[in-house]
Amino acid sequence: MKDLLIHWRKFKREPYAVWLGFALIGTALVLLPFATDAALGRSWVRILDHTLLYIMLALGLNIVVGFAGLLDLGYVAFFAVGAYLYALLASPQFGLHLPFWTLLPLGALVACIFGALLGAPTLRLRGDYLAIVTLGFGEIIRIFLNNLNAPINITNGPQGLNMIDPIMLGDFSFSRTQQILGITFSSVHNYYYLFLALSLLIIFISIRLENSRIGRAWVAVREDEVAAQAMGINTRNVKLLAFAMGASFGGISGGLFAGFQGFVSPESFHLTESIMVLCMVVLGGMGHIPGVILGAVLLSILPEALRYIGPLEEALFGRVIVDPADLRLLILGLAMVLIMLLRPAGLWPSPVQRREFAHHDES
């Protein structure tokens, strides 16, 4: 057994082994929607699309919470900003119908500005006080979206905006079934590959940021802000940059969500969405990009899988004893509590966090 472990470690260090692993993962991701469609149905491919959106959101919040250590409970506001910007400029509401390649970077830029506006008044706040302010910011954005229908109708209020233009690149519409090389791609398949490409881009940016001087400055602020300031780090600019970068990822995800759904309303941007994204970051492992992705995948797919509890109750007991919606939330909450008790650093923590928690347990 010991010799097998030694050979496995040597194999992982080989360059060809790394590239082989990437090739296998890439092939699996390319074939995943077709395998899911054949085994579980097209609705699960749509769930995969939403999962990729949550991965983008979780990676954006990971910059704020995981890298910089700033607790943000209003992150869904940036998701809403990106979604409504796309909806307003690509729908009959204003009659503009701007192209997708213009709206997506514009949504990231506007969300980035909103992130800086949130970060500016919270520079001296920490912990619970910062969480309360960011929570209030998220609710303010939602209330504005819900009430900006009078005296001038901008957001159409609680009715939301519909007839949003689907995502198009040139003449290629992602909302239509396409034939490519004799293979039929439905709309959910088209969106899957678009979201996958952008998710990989955001993962690449996150990795580069983590290994950069800015990323090390964020970690220094997270570990000890006073010591970081004493070492010459401009903590004000570093915090603002964390809020702005994290918000831009949320804006991108929001724009994709609006184009994918074709409809947005304030109901999609409740506080519970911010809490869910935060749970993804904490569950997977704060500051660890693979762990955050794992947390996003689990918390996106697990609630949908638990919808089958109702038919299972009928099969076992002949009737539904507990409402499936309540029971799946109870099971999900219980699972998260157990994980936090047994794995406080997350399911896939970074080596630094693992050592920190191990040292804390020993002391």
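Reply: Happy to! One term first: the domain bounds used here come from an automatic or database domain assignment. Keep in mind, too, that this is a predicted model.

Now to the pocket itself. The largest pocket has a volume of about 800 Å³. Domain 1 (1-40) and domain 2 (43-270) both contribute residues to its lining, so the pocket lies between them. In total 24 residues line the largest pocket, and nearest its centre you will find Ile25, Leu29, Leu200, Ile203 and Ile293. Helices H2 (15-40), H3, H7 (187-210) and H12 (289-305) each supply at least two lining residues, with H2 giving the most, 7 residues.

Next comes the second largest pocket, with a volume of about 650 Å³. Its lining has 25 residues, and His50, Tyr54, Glu273, Met276 and Glu304 are the closest to its centre. Here H3 gives the most, with 8 residues. The lining of this second pocket divides into 13 nonpolar, 7 polar and 5 charged residues.

Finally, there is 1 cavity of 30 Å³ or more, and the largest cavity has a volume of about 40 Å³. Tyr54, Leu57, Tyr75, Val76, Phe79, Glu273 and Val277 line the largest cavity. The elements giving two or more residues to that lining are H3 (42-67), H4 (76-89) and H11 (271-284). By type, the cavity lining has 6 nonpolar residues, no polar and 1 charged.

Definitions and conventions
Residues numbered from 1 in each chain as written. Predicted model: local features only at pLDDT ≥ 70, side-chain atom pairs only at ≥ 80, totals over all residues. Heavy atoms only, no water. 1 Å grid on protein atoms, 1.4 Å probe; cavity = no way out; pocket = protein on both sides within 12 Å on 5 of 7 lines; lining within 4 Å. Points joined across faces, edges and corners; volume = space filled by probe spheres on them. Helix = DSSP H or I, 4+ residues; strand = E, 2+ residues; numbered from the N terminus. Nonpolar A, V, L, I, M, F, W, Y, C, P; charged D, E, K, R; others polar.
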